[in-house]
Amino acid sequence: MKTVFTNATLLDSTGAAPRPGMALLAAEGRIAWIGPAPEAQPPEGSRVIDLGGKTLMPGLIDVHMHITQGAEPNPIAEFTETVPFMALRGAAQASILLDSGYTTMRNLGAFGYSDVAIREAVNKGLARGPRMLVSGEMVITEGSGERGFLRPEVQIPESGMFVGAEEARRAVRRQVYNGADVIKLIASGRVGSNAYSMPWDTEMTQEEMSAVCDEAHRWGKRVAAHAYSAQSVAMCAIAGVDSIEHGALVDEPTIALMAERGVSLVPTMTAFHSYLGADAEERYPAYRLARGRPMAQHQRDHFQAYMDYGLNIATGSDGPRPGWPPGTSALEMWLLVDAGMPPMQAIQAGTRNGARVLGLEDDVGTVELGKKADLIVVDGDPVEDISILQDRKCISLVMKEGEIARE
Ligand SMILES: [Zn+2]
């Protein structure tokens with residue numbers, strides 16, 4: 001399939017200003033030519049689409065999702081829903097995500113390898129969805145706050161659960177053997193936990209974290225670490241994780257350490273934003289808001305430092321979640337701008353920087369010659385008004401690897 005987009009305003013996400021009057025050829029899944037529209041020579045059999053000045057930009061990237069999870073409040077869902085149901089729901093939600101302009105996503109934590117199943121179904125053409133990188137089950141310590149408050153006699157087997165460095169390696173290998181592209185490490189407690197482990201507690205030893213990173217890297221897999229406190233983030237950085245997920249309670253020395261070690265930050269501001277506003281009280285229990293709201297403030301207070309230290313910041317919605325159904329991932333870019341990031345950089349956080357987190361920067365994330373033709377057409381100028389990326393009516397076409405997924 002060959003497609004020529006002409007009369008496009010090209011927003012290539014390299015940081016260059018949008019260029020009007022451009023054309024692009026997508027052929028055999030890749031970007032085969034870019035140039036001024038009058039110089040375009042559409043090959044025989046190609047489809048020519050006149051964009052009438054609309055914006056042509058890279059497909060969006062969400063690097064932190066729970067695609068198999070529902071958006072309705074249900075604290076016991078993970079104990080009552082079947083794995084096949086989670087996979088079916090995830091597949092339906094992946095389709096919605098693609099239609100909202102997201103051509104690449106990373107899933108961080110799913111039961112029973114339901115995320116691996118969706119990735120395989122998408123790759124085989126059985127289901128619609130973005131390009132997917134998935135973690136399989138979370139690598140987590142026994143008794144973690146991530147799993148709520150179960151009676152000690154209640155055992156729900158999880159392949160990523162471990163205690164000690166040797167078992168940590170086993171937990172990582174199990175994910176790799178079952179199809180994980182990336183390892184999701186739970187280094188600290190969780191905001192929504194009703195257990196005694198708090199979000200700011202560190203659930204692992206340095207030795208355990210280092211074993212996880214060493215084993216994952218030995219297999220060529222990156223490690224994405226859920227961590228909040230400065231202590232847990234610093235330990236993760238020392239262990240060699242590739243990205244910090246959330247990181248809301250970091251201090252300046254820890255931000256400096258992340259920068260020094262080249263650790264990316266996925267601030268998942270949508271997750272903290274969901275605790276603000278009066279309607280949050282309908283979605284979450286009071287104890288969760290009591291923790292989440294100050295964390296949202298702490299994160300905003302340190303946002304300028306993230307930028308001053310030049311961290312690679314990428315967008316991850318941590319969704320779907322109550323109030324933010326599938327297809328609302330682009331809110332994260334709006335929140336970055338709201339916290340002080342220039343719009344062009346927020347667009348790069350939602351495209352190029354995400355590709356860097358995933359190790360896919362040679363293939364996706366910018367519109368450049370030879371890269372995969374993952375493109376969206378936007379009716380309007382997202383640099384002027386980033387909120388239009390949240391409006392599906394403004395995303396008038398989605399192309400994934402040279403194939404038009406929606407128009
Ligand atoms: Zn998450």
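A salt bridge is a side-chain nitrogen of Lys or Arg within 4 Å of a carboxyl oxygen of Asp or Glu. Aspartate 374 forms one with arginine 131. Their closest N and O atoms are 2.4 Å apart, so the pair falls within that 4 Å limit. This is a predicted model.

- Domain 1 is built from two stretches of the chain, 2-59 and 366-406.
- Domain 2 covers 60-358.
- The C-alpha centres of domain 1 and domain 2 are 30 Å apart.
- Domain 1 puts 28 residues into the contact, and domain 2 puts in 25.

**Buried area**
- The size of an interface is often given as the accessible area lost when the parts come together.
- Here, domain 1 and domain 2 bury about 2,100 Å² between them.
- Carbon and sulfur atoms account for 64% of that area.
- On the domain 1 side, Ile386, Gln390 and Lys400 supply 29% of the area buried against domain 2.
- No other three residues of domain 1 supply more.

**Polar links**
- Two salt bridges are counted between domain 1 and domain 2.
- Eight residue pairs are in polar contact between the domains, with both residues at pLDDT 80 or more.

**The domain 1 side**
- β16 gives the most, with four residues.
- By class, this side of domain 1 has 15 nonpolar, seven polar and six charged residues.

Key:
Residues numbered from 1 in each chain as written. Predicted model: local features only at pLDDT ≥ 70, side-chain atom pairs only at ≥ 80, totals over all residues. Heavy atoms only, no water. Domains from an automatic or database assignment. Contact = heavy atoms within 4.5 Å. Buried area = accessible area lost by both parts, 1.4 Å probe. Polar contact = N/O pair within 3.5 Å; in protein donor to acceptor, adjacent residues only side chain to side chain. Helix = DSSP H or I, 4+ residues; strand = E, 2+ residues; numbered from the N terminus. Nonpolar A, V, L, I, M, F, W, Y, C, P; charged D, E, K, R; others polar.
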